[in-house]
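Colleague: I am new to this structure and would like to learn how to read it. Could you take me through a few features, step by step?

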Amino acid sequence: MKDHPHYNTLRELIAPYLPEDVSLDSLQPDSNLISELNINSSHLVDLVLDIEDQYDIRLEDTEMQQMQTVTDALHLIDNKLKAKES
Amino acid sequence: MEQSLEYLIKQLPYGDGFLFADEILAIDSEQISGEFHFHKGLNFYESHFQDHPVTPGVILIECCAQIGLACFGIYLSTMAHEAQKTETNQAFALVASDMEFFSPVYPGTKVRVSAQKEYFRFGKLKVKVKMENEKGELICKGTLAGMRGI
């Protein structure tokens, strides 16, 4: 998953929301955004809004709830971009 | 949507000693304004400061948050959930503040709080807010954010 075309972009989007005691180096594809990366619920909203701006997509409440891990976020981005193209 | 503005203040989970919203003057999906009278009998004036009562900055932020975030958030949540016909947890918690202060608020001052929505998404409300006195002089301004149901 690290070779996913959007992995590095997503990594950069996540970086500002990591608490000081969580290193960006610890980020893995299966990292849970809340329980492992310690991104709080307020910052998770900001991250989703940043993802929307970056890819010009719009996520719904239920989709955000499904976005548990970095991989989930990548799948969501893929699906939204595919839907946009079709 | 029919909704009493007084109803919004009654939804706030604060007792008299920590309620800093008297009246909502106007509200729609983009903005809110309301008033509070910092009357001389408020208990913190006894000790902030001794022999020189002035309203603490944190109380000014709280006043801005109760009107500009909590009341506004309840209104917006109710609108959204009526549209979706779902139940909502209407409690809002302050999660971020970035405020600047320009004028002190002495006992007896009535203030007006105005807030403009930046966004309300995924249960998070972010607003630009300002507080003015009766003369229209700026007391404080900045941004506040709150989350529903945490």
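Modeller: Gladly! Helices (H or I, at least four residues) and strands (E, at least two) are DSSP runs, numbered from the N terminus. In chain A, Thr69(A) sits in the loop between α3 (61-66) and α4 (70-85). This is a predicted model, where local features need pLDDT of at least 70, side-chain atom pairs count only at pLDDT 80 or more, and totals for chains, interfaces and linings use all residues. Residues are numbered from 1 along each chain as its sequence is written, chains are lettered from A and ligands numbered from 1 in the order in which they are written, and side-chain values use heavy atoms, leaving out hydrogens and water.

Colleague: Is Thr69(A) buried or exposed?

Modeller: Buried means under 20% relative accessible area, exposed over 50%, and partly exposed in between (1.4 Å probe, protein chains only). Thr69(A) has 16%, so Thr69(A) is buried.

Colleague: Which residues is Thr69(A) in contact with, leaving aside its neighbours within four places in sequence?

Modeller: Contact means heavy atoms within 4.5 Å. Thr69(A) touches Pro29(A), Asp30(A), Ser31(A), Asn32(A) and Leu33(A) in this sense, once those sequence neighbours are set aside.

Colleague: How do I read an aromatic pair?

Modeller: A pair of aromatic rings is described by the distance of the centres and the angle of the planes. Rings of Phe, Tyr and Trp (its six-membered ring) pair if their centres lie within 6.5 Å; planes under 30 degrees apart count as stacked, over 60 as edge-to-face and the rest as tilted. The structure holds eight such pairs over all chains. For Phe36(B) and Phe38(B), the centres are 4.8 Å apart and the planes at 85 degrees, so this pair is edge-to-face. Phe36(B) is buried at 3%, and Phe38(B) is buried at 0%.
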